[in-house]
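Visitor: I have a protein model to look at. Could you walk me through it in questions and answers?

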Amino acid sequence: MKKTCFILILGLIYCYGVQAQNGMMVVDTIHSKHLENEFGEPESRPVSVYLPPGYTENKQQYPVIYFLHGFNGDHKMDFMVDVLDYAINQKRIRPFIMVFPNHKTAYGGSFYTNSALYGNFEDFTAYDVVAHIDTKYRTIPAKESRGITGHSMGGYGAIQLAVHHPDLFSTIYAISPGALAIVREYGPNSNTFKEVSASKTVEELQATYFGGVMLAFGRSWSPNKDKAPFYCDFPFSYENNELTVHQEVLKKWQSAMPYYTVEKDLENYQKLKAIKLDWGRNAGDRFTIQCSMYSQRLENAGITHFAEEYIGTHVSDIYTKKGRIPQQVLPFFDEYLNF
């Protein structure tokens with residue numbers, strides 16, 4: 001009887017020892033003077049913070065990965081808890097903190113950019129969010145323990161923030177980044193700017209997906225308070241089916257797109273420890289072309305990086321347990337961040 005009880009107790013201890021542990025998501029609000037604006041965009045922003053299993057039971061410090069959401073997204077990423085717990089419990093990555101700032105705007109998304117009219121969203125993330133997280137949570141407050149990632153618009157933001165702030169971030173993983181270069185639907189030879197030129201109201205412009213994206217580009221990169229109703233300038237316009245290229249506006253857009261600024265930012269790229277981007281083969285020409293162009297330009301500039309085209313679309317198998325985040329993204333940070 002005693003032997004049976006002993007074996008039973010050992011079995012219970014064993015089961016308890018291998019049981020998966022759970023992390024949690026908490027939500028903070030950060031008010032930022034960097035976001036002060038006259039166009040009604042919120043200056044106080046919610047930020048979700050994933051705390052790993054065991055966070056409340058120990059005094060350990062953790063590296064931080066900043067995750068930037070895509071266009072029309074926000075900070076509400078509770079569904080990620082299971083995926084992040086899975087990655088830690090499966091030892092795809094050691095325990096870490098992940099931060100999800102909210103960059104949703106009335107025009108879909110800030111593109112993590114400082115806008116003269118709508119708020120300095122880059123500064124909000126780089127200075128206010130990072131400082132708040134390092135102050136309130138048990139982080140390792142050093143660039144070597146700070147990574148940044150994001151999907152689509154967020155992949156663009158991850159590149160820009162890390163390249164502009166290599167003193168804050170050491171490692172980038174851009175998941176299917178957009179807005180890298182003017183190609184396909186972003187360019188003058190698609191229907192996009194014909195639709196933009198034909199639109200008379202914001203509602204008309206946002207009725208099409210790419211019209212809404214162009215509005216977000218314009219308000220982020222070329223805002224104009226005297227240009228109602230869109231309050232921004234566009235690099236291309238059509239009148240009577242004739243194309244006009246507005247060179248000064250085009251220069252502003254290109255200066256905000258990573259493909260065109262590699263050489264200008266070369267020294268900052270060289271300060272980063274590790275860079276990776278990926279994209280789905282079936283994501284559409286807009287993504288496959290611009291990601292390939294950007295990677296080739298990095299290569300030509302001598303910037304060591306990883307680039308991967310995988311079988312998938314722009315959104316398939318990213319946020320699942322067998323998807324890109326737990327299987328590729330987080331192991332990359334486990335390799336290159338200091339824990």
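**A guided look at the chain**

Guide: The chain exposes about 15500 Å², and carbon and sulfur atoms supply 51% of it. Such areas come from the Shrake-Rupley method with a 1.4 Å probe, and for residues only the protein chains shown count as cover. This is a predicted model: local features need pLDDT of at least 70, side-chain atom pairs count only at pLDDT 80 or more, and totals for chains, interfaces and linings use all residues. Residues are numbered from 1 along each chain as its sequence is written, and side-chain values use heavy atoms, with hydrogens and water left out.

Visitor: How many helices and strands does the chain have?

Guide: Helices (H or I, at least four residues) and strands (E, at least two) are DSSP runs, numbered from the N terminus. By that count the chain has 11 helices and 12 strands.

Visitor: What radius of gyration does the chain have?

Guide: The radius is taken over C-alpha atoms, and the globule rule is 2.2 Å times the number of residues to the power 0.38. With 339 residues, a compact globule would come out near 20 Å. The chain agrees with that, at 22 Å.

Visitor: What percentage of the residues count as buried?

Guide: Buried means under 20% relative accessible area, exposed means over 50%, and partly exposed lies in between (1.4 Å probe, protein chains only). Of the 339 residues, the buried share is 55%.

Visitor: Why is H7 largely enclosed by the rest of the structure?

Guide: Helix H7 covers residues 209-221. Its buried residues include Phe-210, Met-214 and Trp-221. H7 is largely enclosed because its buried residues number 12 of the 13.

Visitor: Which helices are among the cover of the buried residues of H7?

Guide: Contact means heavy atoms within 4.5 Å. The cover of H7 includes strand S5 (114-115). It also includes helices, among them H4 (153-164), H8 (247-255) and H10 (285-300).

Visitor: Which residues does Leu-298 touch, not counting residues up to four places away in sequence?

Guide: Leu-298 sits in helix H10. It counts as buried, at 0% relative accessibility. Leaving out residues up to four places away in sequence, Leu-298 touches Val-262, Tyr-269, Ile-303 and His-305.

Visitor: Is the peptide bond from Ala-228 to Pro-229 cis or trans?

Guide: Most residues other than glycine have a negative phi, and most peptide bonds are trans. Pro-229 lies in the loop between H7 and strand S9 (236-239). With omega near 0°, the bond from Ala-228 to Pro-229 is cis.

Visitor: Is Ala-179 buried or exposed?

Guide: Ala-179 is in the loop between strand S8 (171-175) and H5. It has a positive phi of about 60°, although it is not a glycine. Its relative accessible area is 0%, so Ala-179 is buried.

Visitor: What relative accessibility does Arg-184 have?

Guide: Arg-184 is also found in the loop between S8 and H5. Its phi is positive, near 45°. Arg-184 counts as partly exposed, because its relative accessibility is 46%.

Key:
Expected span 1.5 Å × (residues − 1).
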